[in-house]
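Keep the 3D view open as you read.

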Amino acid sequence: MIVDNEQAVSQRSDEDVIVIKDLNKWYGNFHVLKNINLQVKKGERIVVCGPSGSGKSTMIRCINRLEEFQRGSLVVNGVEMIEDVKNIEAIRREVGMVFQHFNLFPHLTILENLTLGPIWVQKKPKDEAEATAMKYLERVKIPDQALKYPGQLSGGQQQRVAIARSLCMNPQIMLFDEPTSALDPEMIKEVLEVMVELAEEGMTMLCVTHEMGFAKKVADRVIFMDGGEIVEQNTPDVFFDHPETDRLQLFLSQILQH
Amino acid sequence: MREFKPQPAQPAPIESAGVIGWIRENLFSNVPNSIATIIILYFLYLIVPGMIDWLFVSANWSGSQQADCTDDGACWVFVSAWMQQFIYGSYPDDQIWRINLSLLLLGAVIAAPYAMPNALRNKVGVPLFLVYPFFCAAFLDGRLFGLEFVSTDYWGGFSLNIFLAAASIIIAFPLSFLWALGRRSEMPFTRSVCIVLIEFFRGVPVLALFFMGSVMLPLFFPEGTNVDKLLRVWIVLILFMSGYMAEVFRGGFQAIPQGQYEAADSLGLSFWQKTLLIILPQVIKVSMPNILATFIMLFKNTTFLLIIGIFEILSTTQTALSNSNWLGGHAAEGYLFVALVFWVCCFGMSMISANIERKLDTSHRK
C-alpha cells in the first residue's frame with residue numbers, strides 16, 4: 001500500500017489537477033480533437049471509452065505531451081503545458097503512463113527498467129531506487145522476476161511491471177492507454193486487480209479502456225468520446241443505465257452484447 | 001467433472017536420429033540429391049588431394065633463400081623470409097616491440113569489457129577504446145614518449161592494416177552514430193548537413209576518396225603545414241566508414257518501435273538519456289550483423305592503400321615478389337598468405353560479433 005485509506009480520503013479534494021480548456025488538435029488537415037474541456041480533481045478516477053478513432057488515446061497522450069496540440073490550454077498540477085523542454089519534462093515527472101503494448105525496455109532487466117527513471121531523472125542513489133523498485137514489484141506480486149528480462153515474462157506480468165515502473169517515479173497522476181487490450185483474457189484479470197487496488201488507494205487515474213466491469217467498479221466518472229469530442233460524461237450508474245444520447249446508447253448496446 | 005491431464009512429451013522416432021539417418025535424409029534423400037552428392041564428392045576427389053600435396057606434403061618449409069625451394073610444392077620459405085616485412089613493414093628492428101605492445105594493447109582493449117563488471121563497462125571500457133587510437137599513434141611515432149622517432153614512412157605491413165582499420169572504426173563508430181542521429185533530427189540545418197555528409201562519403205568510390213585525401217586535402221590546410229600522409233588516410237577512412245555506418249545505424253533506428261521513445265519520454269528522460277540509455281543499445285543490437293559487415297569491408301579496403309603508396313601488407317607483398325632474389329613466381333604463396341591473415345582476422349571479428357549478439361539477445365534467455 002502506498003497510502004493508507006485515511007490519507008486516500010483526505011487526498012480527494014476540490015483541487016483540479018488537470019484542467020483542459022478548448023483543446024483542439026489536427027493531424028495535418030484532420031481534426032482529431034474538437035474543443036475538449038475536462039477537469040480532473042485530485043484522487044478522481046476517470047474511465048474514457050469510445051469507438052476506435054474517436055480520439056480517446058490522443059486526448060490522454062496530450063496530457064503528458066506525447067502528442068502536441070494546436071489550440072487550447074492544458075494545465076497539469078498547476079503547470080501550464082507550453083512549448084518548453086524543461087516544462088514538459090517537469091510535467092512528465094508528475095504523470096505516469098501505462099501503454100497498450102507495455103513498452104518495457106527489452107535490453108534491461110525488470111529491476112533496471114524500474115530503477116532507470118529514479119536513478120537518471122530523480123537522481124536517487126541506486127540502493128534507494130532498488131529498494132523502492134522491489135517494494136512496487138511486491139505490490140504487483142512479481143518480486144521473483146526482478147532479474148529476468150521483459151521477453152521472458154507473460155503479457156500480464158509485463159503490464160504489471162509497466163505499472164510498477166510508472167509508480168516508481170511517484171507520480172501524482174496515472175494515465176492508462178488501453179492497458180488490457182493486448183492481453184489474453186486470463187491475464188486481463190491480474191492487471192485489472194492491480195489497477196483496482198491503485199484506485200482504492202486514491203491515485204488520480206485516467207484510463208482509456210473497454211473493461212466496463214472495471215468502469216462500474218472504480219470509476220467516479222465515465223467519459224464517452226466519438227469523432228474527436230466528448231459526447232457524454234457521467235457517474236457510472238447514470239452512464240450505463242440512463243445514457244442521454246442515442247450515440248452512447250448504440251455504443252453500449254454493441255459492446256455489452258457479447 | 002472430468003480432470004484435464006496434459007499429455008507427456010515422447011522421444012523422437014528412431015529413424016530421424018543417428019548418423020545413418022542423417023546421411024540418408026540429407027545426402028541421399030532422392031535421386032537428384034544423390035546425383036548432386038556424388039558429383040560434388042567426385043570434384044572434391046579431383047581437387048583436394050592435389051591441393052593438400054602442393055600446400056603441405058611437397059611444400060618447402062625450411063631455409064632462408066630461394067635456392068632452398070627444391071621440391072615441387074609451395075615455397076613457404078618465401079613467406080618466412082619476408083615475414084618481418086609482411087607484418088611490421090620497415091619499422092626499425094629494435095623498435096618492433098612497440099608494434100607488438102600496441103597490438104597487445106588492442107587485444108586488451110577489446111577483451112577488457114569481457115573482464116569488467118557491468119557497471120564499469122561503460123565508464124571505463126568505452127573511454128579506453130576512444131583513447132586507444134591516439135595513444136597508439138603517438139606511441140608508434142615515439143616523440144611524445146621520448147622514444148626514438150619513427151616516421152610514418154617506415155610504418156607498414158599487416159600491423160599497419162590492423163592499426164588503420166581499428167583506429168578508423170573506433171572513431172567512426174560514435175561519429176557515424178551522431179550523423180545518423182542528425183539525419184533523423186527535426187532541425188532542418190543539422191539534418192541537411194548530415195545528409196550531405198553521409199551521401200557524399202557513401203556515394204564516392206573509396207579509391208577516389210584516397211586520391212582526394214592525398215592530393216586535395218592538403219589544399220584545405222593552411223599553407224606551409226605538412227600534414228602527414230598517413231594522417232590524411234586515417235581521416236579519409238574515418239569519413240568513408242562513417243558514411244556507411246550512419247546508414248547502418250539508420251536502419252537500426254527504424255527497427256526500434258515508437259513505443260520505446262514514448263516510454264522513455266513518459267519517464268521524463270532527457271533527449272540524450274533517452275538516446276544513449278534506451279535507443280543506442282537496441283540500435284546496436286539489431287544492427288550488429290551489418291556493423292560487422294561494414295567493419296570487415298573497411299578492414300579489407302585498407303589494402304587499397306597500396307595504390308597511393310602506403311606500405312600495407314599487399315604492397316609489401318608486391319615489393320617482395322619483385323625482389324631480384326625472389327623472382328620466379330611466388331605470387332601464389334604470397335597472396336595465399338595475405339588471404340590467410342585477413343581471413344583469420346575477419347573470422348575472429350565474426351566470432352566476437354556473434355558473441356556480442358548472444359550477449360545482447362535478451363529476448364528468449366531463460
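Which element gives the most to the lining of the second largest cavity? The answer is α7(B), with 3 residues. Bear in mind that this is a predicted model. The second largest cavity has a volume of about 40 Å³. Its lining consists of Tyr91(B), Ile99(B), Leu140(B), Trp155(B), Gly156(B), Ser159(B), Leu160(B) and Phe163(B). By class, 6 of these are nonpolar and 2 are polar, with no charged residues.

Now turn to the largest cavity. It holds about 80 Å³ of space. Two or more lining residues come from each of α3, β6 (95-98) and α6 (155-167) of chain A, and from α11 of chain B. The largest share, 3 residues, belongs to β6(A). In total 13 residues line this cavity, and those nearest its centre are Gly96(A), Met97(A), Ser166(A), Ser266(B) and Leu267(B). The lining has 7 nonpolar, 3 polar and 3 charged residues. The count of cavities of 30 Å³ or more comes to 2.

Next, the second largest pocket. Its volume is about 1,300 Å³. It is lined by 32 residues, with Glu186(B), Tyr261(B), Asp265(B), Phe271(B) and Lys274(B) nearest its centre. The most, 5 residues, come from α12(B). The lining splits into 13 nonpolar, 6 polar and 13 charged residues.

Charged side chains also pair up. Over all chains, a search finds 22 salt bridges. One of them joins Asp16(A) to Lys41(A), with the closest N and O atoms 3.4 Å apart. This pair links distant parts of the chain, 25 residues apart: Asp16(A) is in strand β1 (residues 16-27) and Lys41(A) in strand β2 (residues 30-41). Asp16(A) has a relative accessible area of 31%, so it counts as partly exposed. Lys41(A) is also partly exposed, at 31%. Arg61(A) and Glu67(A) form another salt bridge, at 3.1 Å from N to O. Both of these residues are buried.

Finish in chain B. There, Glu247(B) bridges to Arg250(B), with 3.0 Å between the closest N and O atoms. Both lie in helix α10 (residues 229-255), 3 residues apart, or about one turn of the helix. Glu247(B) is buried because its relative accessible area, 15%, is under 20%. Arg250(B), at 26%, is partly exposed. Through shared partners, salt bridges join Arg183(B), Glu199(B), Arg202(B), Glu247(B) and Arg250(B) into one network.

Note on methods
Residues numbered from 1 in each chain as written. Chains lettered and ligands numbered in written order. Predicted model: local features only at pLDDT ≥ 70, side-chain atom pairs only at ≥ 80, totals over all residues. Heavy atoms only, no water. 1 Å grid on protein atoms, 1.4 Å probe; cavity = no way out; pocket = protein on both sides within 12 Å on 5 of 7 lines; lining within 4 Å. Points joined across faces, edges and corners; volume = space filled by probe spheres on them. Helix = DSSP H or I, 4+ residues; strand = E, 2+ residues; numbered from the N terminus. Nonpolar A, V, L, I, M, F, W, Y, C, P; charged D, E, K, R; others polar. Salt bridge = Lys/Arg side-chain N within 4 Å of Asp/Glu carboxyl O. Buried < 20%, exposed > 50% of the residue type's maximum accessible area, 1.4 Å probe, protein only.
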